[in-house]
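Have the structure open as you read.

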Amino acid sequence: MERQEEGKKILAQNRKARHDYFIEETFEAGIVLTGTEVKSARQGRINLKDSYAYVKNGELYVLNMHISPYEPGNRFNHDPLRTRKLLLHRREITRLIGKTREEGYTLVPLSVYLRRGRIKVELALAKGKKLHDKREALREKAVRREAERAFRGRLK
């Protein structure tokens with residue numbers, strides 16, 4: 001699950017997001033966490049399945065992001081599914097407000113990673129796929145896989 005690229009260590013990924021949505025644009029956002037959440041997140045105990053972001057009162061929040069309780073955290077532990085604030089520049093937030101008001105657009109977290117000691121969230125402006133789009137994507141993936149197998153077979 002850990003992959004190093006350009007100094008970032010991926011802690012969690014939302015693999016289903018790329019299957020369920022067309023990704024239009026991505027943003028890097030900071031996230032406000034408590035102490036035990038940071039310790040648990042650094043261990044990679046994050047689940048992004050079914051999580052999404054929304055704008056409320058000019059601020060960005062992420063919902064349904066599950067960060068497991070930190071084992072040695074005892075009474076100071078956090079609520080695993082609490083709403084967490086995301087940190088973006090004001091102009092980016094106002095742009096996202098305009099885009100999400102359009103029909104079919106939503107904000108989906110794609111991954112959570114460490115960059116220079118800070119926990120960041122890769123947020124995507126996405127449009128939902130219809131069932132036939134998902135089937136088409138699976139078909140293309142299968143064709144690509146078959147072509148790679150045939151190519152590998154010729155090399156041997």
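## Charges and surface

The chain carries 37 positive and 21 negative charges, and their mean positions lie 3 Å apart. Lys and Arg count as positive and Asp and Glu as negative, with His and the chain ends left out; each charge is placed at NZ of Lys, CZ of Arg, CG of Asp or CD of Glu. The accessible surface (Shrake-Rupley, 1.4 Å probe) is about 10,300 Å², with 47% of that belonging to carbon and sulfur atoms.

This is a predicted model, where local features need pLDDT of at least 70, side-chain atom pairs count only at pLDDT 80 or more, and totals for chains, interfaces and linings use all residues. Residues are numbered from 1 along each chain as its sequence is written, and side-chain values use heavy atoms, leaving out hydrogens and water.

## Overall fold

You'll find four helices and 10 strands here (DSSP runs: H or I of at least four residues, E of at least two, numbered from the N terminus). From the N terminus, the order is β-β-α-β-α-β-β-β-β-β-α-β-β-α. The C-alpha trace spans about 60 × 40 × 25 Å along its principal axes.

Of the 156 residues, 34% are buried (under 20% relative accessible area, 1.4 Å probe, protein chains only).

## Helix α2

Which residues of α2 (residues 35-42) are buried? They are Thr36, Glu37, Ser40 and Ala41. These sit on the same side of α2, because they cover an arc of only 135 degrees around the axis (taken from the directions from the helix axis to the C-beta atoms).

After α2 comes glycine 44, with a positive phi near 80 degrees.

Notes
Buried < 20%, exposed > 50% of the residue type's maximum accessible area, 1.4 Å probe, protein only.
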